[in-house]
Amino acid sequence: MSIYSFSRAQSAPPDRGTPRLLYITQDQYSPGWNSSLHTHGCAELFFITDGHGRFRTQTEEFPVAIRDLILINNNVPHTELSQLDSPLEYIVLGVDGLETMTGASGYAMIHLHRGWEALMSCLELMLLEAREAQPDYERACAALLSVVLVHLARQEGVTLSQEPSGPRTSRECDLVRRYIDNHFKENLTLDQLAQLAHLNKYYMAHTFRREFGVSPINYLISRRIEESRFLLRETDHTLSLISQMLGFSSLSYFSQCFRRVEGVSPMEYRRRNR
């Protein structure tokens, strides 16, 4: 993997409302890839440059291949899956202050029938600038991002905008939610999450519920149940192993939580969805 990060201060253009490039990543799917759902605190522009595989969100899973672009808003859980016989290769731009207008789903996927070569030229030049880090390279990359966004705005089916300026999630609650999204398989406690946010745990729990309509622990459980649905459908792992993999204290607690959320037992869900 090659990942190049940009300082917010240097990459921010004069207009604070203008999208800012935070990082550019180039990678290829490998056996050690972690395909767990995760989130980012910025939007991502995910360009598939070779291979084929599947892209997964909380609500669906769909095939992707070369010339596909997935636009993902900040804090939208997602991951990618691939096969070694045709591994996904991709370039990802992390952009602050940008969102795709997709309704409640928070992401969009389009196939770039035209303009692909021009976009790849911009991305390759951006990678070269970031890799060599010559003077003013961050300004050059910020300018190249502007060109990329102009090209995308010309594509049918792509609608990008600056992030809305209305009330936003508190920084601390946003941090806690993203941490849960990326570490939900671990043994997390309310005390740990409060310490992470540098808040009193009771205040943090109350604020989190006000922001997201659910307590931090119930949000953690819901993320584990989402992952368990995938494992029940797509693998032959035993219920006991799935329970252990997802951080539940016991198989009975996993079954209890699953039934409360899904209305059926894990075994019955697996039977219905095979």
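Guide: Buried means under 20% relative accessible area, exposed over 50%, and partly exposed in between (1.4 Å probe, protein chains only). This is a predicted model, where local features need pLDDT of at least 70, side-chain atom pairs count only at pLDDT 80 or more, and totals for chains, interfaces and linings use all residues. Residues are numbered from 1 along each chain as its sequence is written, and side-chain values use heavy atoms, with hydrogens and water left out.

Visitor: OK, where is Asp27?

Guide: Asp27 sits in strand β2, residues 20-28; strands (E, at least two residues) and helices (H or I, at least four) are DSSP runs, numbered from the N terminus.

Visitor: Is Asp27 buried or exposed?

Guide: Asp27 is buried, yet has no salt bridge, meaning a side-chain nitrogen of Lys or Arg within 4 Å of a carboxyl oxygen of Asp or Glu. The nearest side chain of opposite charge is Arg131, 13 Å away. Lys and Arg count as positive, Asp and Glu as negative; His and the chain ends are not counted.

Visitor: So what does Asp27 contact?

Guide: Leaving aside neighbours within four places in sequence, Asp27 is in contact with Met1, Trp33, Leu88, Glu89 and Tyr90. Contact means heavy atoms within 4.5 Å.

Visitor: New topic: where's Arg67?

Guide: Arg67 is in the loop between β5 (61-65) and β6 (68-72). Arg67 has a positive phi of about 80° although it is not a glycine.

Visitor: And how exposed is Arg67?

Guide: Arg67 is partly exposed, with a relative accessible area of 24%.

Visitor: What about His198, buried or exposed?

Guide: His198 counts as exposed, at 73% relative accessibility. His198 lies in the loop between α5 and α6 (201-212).
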